[in-house]
Amino acid sequence: MSQENETPRELVRVFVCGACDGSAALVEALAQDPGLELVGVSPTAHDAAGTLAGGHLGVVLLATGEQTLPEDELAVVREHTRTPIVILASGESSRLLEQALDADVAAVLLLVGRAVSYSLIRMLRRRQLVVD
């Protein structure tokens with residue numbers, strides 16, 4: 001099949017709320033990826049309410065350095081968008097993982113190196129976390 005007949009896929013629109021160890025490097029990798037559009041980054045979901053509500057996002061990445069699920073931030077994101085949410089965590093997070101299962105988030109990724117950046121970008125490109 002020639003490239004002329006292929007319809008280009010829309011870029012996956014990504015928004016990042018919060019921060020944790022390794023999230024800055026991940027945001028940089030997301031911004032450089034040609035298949036993704038990094039819509040923005042915000043220190044909190046509260047600060048991003050307008051973008052979350054009107055951003056036509058493909059996925060929201062909610063970063064936390066805490067050992068438990070950031071329930072208040074998660075509630076704010078869900079209040080403003082139905083977009084799938086991926087929790088990005090660093091450090092010890094066994095309790096966070098249990099809480100995330102109950103909270104029905106799309107995925108939890110533990111930021112421990114470049115392999116996570118690669119895995120997340122690959123999932124986003126394949127639209128495995130994105131609702132069309």
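Which residue in β5 does Val-86 stand opposite? The answer is Ala-107. The structure is a predicted model, in which local features need pLDDT of at least 70 and side-chain atom pairs count only at pLDDT 80 or more, while totals for chains, interfaces and linings use all residues. Residues are numbered from 1 along each chain as its sequence is written, and side-chain values use heavy atoms, with hydrogens and water left out.

Strand β4 (residues 85-89) runs parallel to β5, with 4 bridges joining them; strands count as paired if DSSP finds at least two bridges between them. Strands (E, at least two residues) and helices (H or I, at least four) are DSSP runs, numbered from the N terminus. The open sheet has 5 strands in the order β2-β1-β3-β4-β5, with parallel pairing. β2 (36-42) and β5 (107-110) each have a single partner strand, so one side of each is left without a neighbour in the sheet. On average, neighbouring strands are turned by 20 degrees against each other, direction ignored (axes are lines fitted to C-alpha atoms, for helices over the stretch in contact; angles run from 0 to 180 degrees between N-to-C directions).

Helix α1 (residues 23-32) packs on this sheet and touches β1 (12-18), β2, β3 (59-64) and β4, contact being heavy atoms within 4.5 Å. The direction of α1 makes about 145 degrees with that of β2.

Over in helix α3 (residues 71-80), the buried residues are Glu-73, Leu-74, Val-76 and Val-77 (buried is under 20% relative accessible area, exposed over 50%, partly exposed in between; 1.4 Å probe, protein chains only). What covers them includes α2 (49-54), β3, β4 and α4 (94-103). Exposed Glu-71, Asp-72 and Glu-79 sit on the face of α3 turned away from its buried side.
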